[in-house]
Amino acid sequence: MIINIIISTAAALVFSPLLIGIINKTKAFFSGRRGSPFFQMYFDLYRLLKKDAVRSGTTTIVFILAPVIVFCCTLAAAVLIPISPGTGIISFTGDFVLLFYLLGLARFFLIISALDTGSSFEGMGASREAFFSAMAEPVVFISILTILRLNGTTSFTDALGGGGAGNWIIISLATVPFFIVMLAENARIPFDDPNTHLELTMIHEVMILDNSGRGLALMEWAASIKLWLFSLIIVRIILPGSVLSFLLTFVIAVIIGIVESVIARTTLLKIPQLLFSAGIIAFLGFFLSFSKIFVWS
Amino acid sequence: MLYPIFIYLASLVLTGALSAAFYRNHRFSKYFAAVSNAILSLIMLVFLINRFDSFHDEVFKTIWSLPMAEFHVGVDFLSLFFMIPLLILAAACSIYGSEYFKEHRSGRFHWFFYGLLVAGMMMVLISRNVVLFMISWEIMSFSSFLLVISEAQKESVRRAGWIYFVTAHVGTAFLLTAFFLLGSGAGSFNFELFGLVPFEVAKSNLIFIFALAGFGFKAGFIPFHVWLPLAHPAAPSHVSGLMSGIMIKMGIYGILRVLMFFTSYQTWWGILLVIIGASSGIIGILFAVGQHDIKRLLAYCSVENIGIILIGLGLGVLGRAWDYPLVSMFGFTGALLHIVNHALFKGLLFLGAGSVIRQTGTGEIDSLGGLFKKMPMTGSLFLAGSIAVSGLPFFNGFISELFIYAGAITGAVASAGSIMPMVCALAVMALALTGGLAAAGFTKLFGIVFQGNSRKTDISSAVDVPSMMKLGMIFLSVFLVFIGMMSFLVIPFIEKPMLLLSGEAASPFIYQLSDIGEKVSILLVALLILMIIIFTVGKIFRRKTVTDVETWGCGYTKPASSMQYTSSSYAEPITSQFGLVLAARKELQSDNEIFPVKPWSFRSSVEDWFLSRVFIWFVKLIDRILSLLRWFQCGRAGVYVLYIGCIIIILFIWKFVL
Amino acid sequence: MQNNLLILISLLIILSNIFLLGSSRTGAMIRGIAFQGVLLSLLPLFLPSESVRILDIIILAVLSIAIKGVIIPHYLRKVTRNIRTKKELHPYLGYSVSVIFGLLVSYGSFYFIGKLPFMYLSISPFNTSAAFASMIIGMFIIATRRNIIAQIIGYLVFENAGFILGISIASSQPLFIEIGILLDLLAGIVIMVVAVNHIHLYFDNVNTDSLERLNK
């Protein structure tokens, strides 16, 4: 149990910045550049952790506490996911609710720390983050219900940490929405462009505009852990049986890089539609998981 | 248990009356009433919790001279369970209320009606006879109506009071119908006989529908919610806290009581409850997000939370109808726990909103800002309430939502057929959507009111509230954290009332409840320790922080506070995307010049079309029908005396001749 | 495996239906209907090979890919380019309502198709239910859209449903009938395209509301 916790924590802390590196390298490859090194984000984090900070006079204690809370909640959510069969540290009916609500708490503090600065830009990002994540949550939950039904268990970590794969159509119908939501929740293209601050579509990056020094390091690290968390879930859904399947998260990172290279960012108004269609796919998957017609054939 | 309750009721009314009598010495009168009210409630609470384990059902009967009535009271685990939040909230709100009225003094009878409201709710919980129940119900409605119109010099307050009065009595009409149906089936108006007679399906369906509508007007789920967003802002804040926290739960109590009269539940009741709950949750929170007034926002949020409770109840009913004891157990447990939780955090939020309104003089979200620095205690407590109401971990809202989720998940995974999984998926979707939107709504409320800089109102002289008001809020927030972190200690109080509702089939699985609670607690405590460690490490290896700079304006050098995001702009993506439900209205006044000469103005508002279209239409329809009877009111005193005489003769004949 | 592929095709058909319901641009709709046409054309390949001649199957598949996937979309694209509507015509019912309707219909047909007595005849009940849903969705599109191109596409969805039903239920009937229907469809679309051009010349728009003026 303790060993499992240590392994998951270490994996989340160590591998997550690498995912960002892989995505950036893939994007660089597609645009014909050499790109920054794979380990760039480690250097960035190290540099930020050493730095002094500047904090706006408008802010309150919320702004000071928020990076710690965001980081810890995201990390705790990531640790809940078993990274190889049989390594779940906690399992009960509805454990995924705890997992995603921890992310929700992190998001809550991210949003109010953005509003704390009184900047209109950060308010804009906060408003969008609040709305899009509210749309994304039902989609994720329906996908998870599908997976739970396939595995016949009410605990999500049990389903991820063991059990066999079900029918591949249903699994892909559950995974595709998850992938779309992963792009939305982690502020990737086509929902948000992680490389811009001041475009009209800014969501995540703009919320941490006023963070600096260690606060910024924790926020960035938390964001990469969140990406690690989602890609780990997808990997565990697709390949629940294998021990080293977590290495596939790097493949997911490459796929994200490819998606970011070939797809343009959608307009803001289309984002709810995109999430809505992800919901439709998730719903079809859930439907198939108990459909009588499917059982006949 | 009953005699202490009688003493409690009597002393509530007595202290209220004494405070009215000593009204001349205003300071003494209000402190006396508020403090004795709080102390009485606390004593009662401690007594009740002490006796909870060894408690057995108690009944007290005596003959009463009213026709069809019998003075029949009793306590069982369900009523006992509802008393817990009632007593906690009554104590907190009265401590808080002692300081609430600042410049204008409260009316002479304010504390009398306050005591009467608490007593009325207590009476509703212990009544076991239809006539007694309806009398208690009316005491509750009427005293709360009188409290709502405390500031009757304002036009808006009078209108709100009027609509509340009308809705409360339309609800009573439905209730009476339901009770007559029950009574005609059982041949008596005593509750104990209702449970013994098996009702045929058609009749029980009819009773269920009437009871749902009747109690719905009190509980305030959609489409019966019209009075909530009007009455809560109109009432003084400690009264709205009490009303929104516990009085609307009396509607839920009524629904549960009626459900207990039936031995078997119909499937479609559960489905209907889940659907009403889901739509009430989603529509309620959407309306909340679009509001501009703190207390109106909180009122709509109550509609949402009642929806969540109904989802839990619906799952419980479905689980019992289709014989899935686990679903039924989780559903009812979640619903019951959410009743308590909502009472606590909504009470706290209303008290916090009241503090803001008292100290700044306005409840308009868009004109506030930056209050956290001026009122740190209120701000922190309000933040705790906001996190709890969004259903996020560490606070109590999470635990109850988790149980309702657990019911829906068990139903979606374990059940055969295709209707049950669909209903459960609907419940999960609705809970997830309301959770996300609630987080959006309360980040908006907290972020705009307490953070940034003040937008219009001058808050330079605002200070935090007096210590009595803080005490009331702290008292509530202690429970918030306690239930959120140590839920397994609270669950034993829910098990027995839950078994009354879900039947004995669930008792073998009951250990799962505290099991989940323990696991969540362990994880949360560990996480809290981690946070503290990281924070202290950060403090030890401190770096230099420069704080006397302005927020970065992205290159703009003279940012003004009016340039901040407002609540309308924060909510705009949601209100425009859900335009189908919200019918948001935007007004832009511009002078159509290339270079504007006059200042432009923009305002957006979200209209409650349930009130303006559905409800008003319904009331007008009734008015048109009933105006046929208007000849009855001829206006001549002699005729009225004649009416009275006729009634006396009829009663005489009924009582003694028939 | 074969069964899974059949189910996948039906799922994609349902998704394309919902895409058609939710998209406002005619260009996107034409792409959607072409995609659906190609998907449908793959269905004959799954027919049990002992009941029909393999040559028939291949001819049918190739012909219908050509007609539904290439020729008809080409004509439609041409006529949209010809008439070039500037203003987007809003449907009588909103897009999100239409999408929710599509979902409900798809779910409902899954549910009810299991209760039909003659289902044992079809190669996969899943296909049949997708066909039922398509039929209703096609009619829905015709009924709620103002844009004449969207109406034609609704008609095509309706026809596609007939194609699936023809393939999956009556696998014993000669496939030449299907080929005949295909050619009829092509002729029908050509006539419609010509008609649309004329309507556009006459009214200067393709809003079907203006056709009401014809009865005066």
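A nonpolar core is defined as a set of buried Ala, Val, Leu, Ile, Met, Phe, Trp, Tyr and Cys residues joined through side-chain atoms within 4.5 Å, where buried denotes under 20% relative accessible area, exposed over 50%, and partly exposed the range in between (1.4 Å probe, protein chains only). The model is predicted, with local features requiring pLDDT of at least 70 and side-chain atom pairs pLDDT 80 or more, whereas totals for chains, interfaces and linings use all residues. Residues are numbered from 1 along each chain as its sequence is written, chains are lettered from A in the order in which they are written, and side-chain values use heavy atoms, without hydrogens and water.

The largest nonpolar core comprises 404 residues, and F100(A) and L256(B) have the most contacts inside it. Contacts (heavy atoms within 4.5 Å) of F100(A), leaving aside neighbours within four places in sequence, include F141(A), F178(A) and F230(A). These residues also belong to one aromatic cluster that includes F398(B) and Y405(B).

Over all chains, 68 aromatic pairs were found; rings of Phe, Tyr and Trp (its six-membered ring) pair if their centres lie within 6.5 Å, with planes under 30 degrees apart counted as stacked, over 60 as edge-to-face and the rest as tilted. The rings of F145(B) and F165(B) form a tilted pair, with centres 4.8 Å apart and planes at 50°. F145(B) is buried at 15% relative accessibility, whereas F165(B) is partly exposed at 26%. F180(B) and F189(B) are likewise paired and tilted, at 5.8 Å centre to centre and 45° between the planes.
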